[in-house]
Amino acid sequence: MRQRLPLYLMVKPPPLVREQIGAREYCSGRRPPELLHMTIMALGDAAEYPPEVIDGLKAMLPGTEAAPFELCFDLIVGNGKHIELVSSAPLDEAKAFKQIILDHFASQGLRLSEGKLRPHITLDYNSAVRCRQQIDPIRWLVEDFVLIASVHGKQQHRELGRWNLRGSM
């Protein structure tokens, strides 16, 4: 059986913010801090793509013209399955960033399903906790984004590329 390698574009908090998240009482510590992220979009299973498809994606991404933007998470939510950091604000800049990527791909002939971005950071995938609690905001300026192959079931991310955000703020 082939190993699943879901492919994602995501933003990851910088090390200092990861430490800040890990130090909070709601963080179980079950998830390695380097895996904390906010998914921008899923791009299928890398295990099903020939290498030239991945190379093609990587070649398209450097031309993405987007300005750095701020993320701020101020709620902890447990739904009986997951515990997540979410925002009480709509995080419109993150949604606009996803649209910039979709438009960039489309300009190069790659049309992807838009899907709805639900900005969050999953802290624990296996939690029976149900809660909704305001917390001191966790924020950072997103200055880059990454293409990741997630090794399914192994709590491991393989970074396939990283690109800086550039443009006017």
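I looked up which elements line the largest pocket: β1, β2, β5 (121–124), β7 and β8 each supply at least two residues. Strands here are DSSP runs of E, at least two residues, and helices runs of H or I, at least four, numbered from the N terminus. The model is predicted, so I noted that local features need pLDDT of at least 70 and side-chain atom pairs pLDDT 80 or more, while totals for chains, interfaces and linings use all residues. Residues are numbered from 1 along each chain as its sequence is written, and side-chain values use heavy atoms, without hydrogens and water.

β5 gives the most to this lining, four residues. A pocket, on a 1 Å grid over the protein atoms alone with a 1.4 Å probe, is an open set of points with protein on both sides within 12 Å along at least five of seven lines; lining residues have an atom within 4 Å of a point. I read a volume of about 580 Å³, the space filled by probe spheres set on points joined across faces, edges and corners. Of the 27 lining residues, Arg31, His37, Tyr125, Ser150 and His157 are the closest to the centre.

Next I checked the second largest pocket, about 160 Å³. Of its 13 lining residues, the closest to the centre are Lys12, Pro13, Pro14, Asp144 and Arg162. β6 gives the most to that lining, with three residues.

Last, the sheet: I found four strands in an open, antiparallel sheet, ordered β2-β1-β7-β8. Pairing takes at least two DSSP bridges between two strands. β2 (38–45) and β8 (156–164) each have a single partner strand, so one side of each lacks a neighbour in the sheet.
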